[in-house]
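Thanks for coming, everyone. I'll keep this short and walk you through one model. Please have a look at it first.

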Amino acid sequence: MDAADSARRAQLLASVPSYRLCIGCGACSATCSAGQFTQFNIRRIHTAFNCGQTDTLAEQLDSCMLCGKCMLVCPRGVNLRSLIIRMRQLLAN
Ligand code: SF4
Ligand code: SF4
């Protein structure tokens, strides 16, 4: 992870502190509306972002409809909609 990736990760955690509670269980991707019909995998995306592997994430995030279904099943109360919106913003910069 380079300095830019570390800065982006810190900004994401500052904006969406609930993401610190993520245990990587995958309930979000299992219930995701977009993931039922495409290769879209929100857990893979936020994990990759967290690891600084951001190459194709902006394009992948376009598939999210911000329906919020993933938030309803997250056992840790992660605000996934805010997380996705913030990842989009950070990847656009
Ligand atoms: S459901 Fe919540 S805790 Fe589980 S991987 Fe998704 S964001 Fe993390
Ligand atoms: S908000 Fe996005 S990631 Fe969450 S269930 Fe809906 S389409 Fe999937």
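Start with glycine 35. Setting aside neighbours within four places in sequence, glycine 35 is in contact with Ser29, Phe40, Asn41 and Ile42. Bear in mind that this is a predicted model.

Where does glycine 35 lie? It lies in the loop between helix H2, 27-31, and helix H3, 42-50. Is glycine 35 buried or exposed? Glycine 35 has 20 C-beta neighbours inside 10 Å, and the cut-off for buried is 20 or more, so it counts as buried. Now look along the chain to cysteine 51. Glycine 35 and cysteine 51 are 16 residues apart in sequence, and their C-alpha atoms are separated by 21 Å.

Next, helix H3. Its buried residues are Ile42, Ile45, His46 and Phe49. Look down the axis of H3: these buried residues fall within an arc of 90°, so they line one face of the helix. Here is the general rule behind that kind of pattern. An α-helix has 3.6 residues a turn, so residues three or four places apart point the same way. What do the buried residues of H3 pack against? They pack against H1, H2, H4, H5 and H6.

After H3 comes glycine 52, with a positive phi near 85°. Further on is aspartate 55, in the loop between H3 and H4. Aspartate 55 has 10 C-beta neighbours inside 10 Å, so it counts as exposed. Aspartate 55 and threonine 31 are 24 residues apart along the chain, with 25 Å between their C-alpha atoms.

One more loop residue. Leucine 66 is found in the loop between H4 and H5. Leucine 66 is not a glycine, yet its phi is positive, about 55°. Is leucine 66 buried or exposed? It is exposed, because 12 other C-beta atoms lie within 10 Å, and the limit for exposed is 12 or fewer.

On to helix H6, residues 80-92. At 1.5 Å a residue, its 13 residues should span 18 Å, and the end C-alpha atoms are 18 Å apart, so the two agree. Which residues of H6 are buried? They are Leu80, Leu83, Ile84, Arg86 and Met87. The buried residues of H6 pack against H1 (3-15), H2, H3, H4 (57-61) and H5.

The largest nonpolar core has 17 residues. Those with the most contacts inside this core are Tyr19, Ile42, Leu80 and Leu83. Which elements give two or more residues to this core? They are H3 and H6. H6 gives the most, with four residues. As background, in soluble globular proteins, nonpolar side chains tend to be buried together. Not counting residues up to four places away in sequence, tyrosine 19 touches Leu12, Leu13, Val78 and Leu83.

Now the ligands. Around ligand 1 there are 13 residues, and Cys22, Cys25, Ala27, Cys28 and Cys74 come nearest. By class, the ligand 1 shell has nine nonpolar, two polar and two charged residues.

Ligand 2 has 14 residues around it. Which of them come nearest? Cys32, Cys64, Cys67, Lys69 and Cys70 do. This shell divides into 10 nonpolar, two polar and two charged residues. H5, residues 69-73, and H6 each supply at least two residues of the ligand 2 shell. The largest share, three residues, comes from H6.

Last stop: cysteine 70, one of the residues that come nearest to ligand 2. Cysteine 70 is in helix H5. Cysteine 70 has 25 other C-beta atoms within 10 Å, so it is buried. Leaving out residues up to four places away in sequence, cysteine 70 touches Cys28, Thr31, Cys32, Ile42 and Leu80. Cysteine 70 and alanine 30 are 40 residues apart along the chain, but their C-alpha atoms are separated by 8.3 Å.

That's my tour. Over to you.

Terms used
Residues are numbered from 1 along each chain as its sequence is written. Chains are lettered from A and ligands numbered from 1 in the order in which they are written. This is a predicted model: local features need pLDDT of at least 70, side-chain atom pairs count only at pLDDT 80 or more; totals for chains, interfaces and linings use all residues. A residue is near a molecule or strand if its C-beta atom, placed from the backbone, lies within 6 Å of it. Ala, Val, Leu, Ile, Met, Phe, Trp, Tyr, Cys and Pro count as nonpolar, Asp, Glu, Lys and Arg as charged, and the others, Gly among them, as polar. Two residues are in contact if their C-beta atoms, placed from the backbone, lie within 7 Å. The expected span of a helix is 1.5 Å times one less than its number of residues. A nonpolar core is a set of buried Ala, Val, Leu, Ile, Met, Phe, Trp, Tyr and Cys residues joined through C-beta atoms within 7 Å. The arc is that of the directions from the helix axis to the C-beta atoms.
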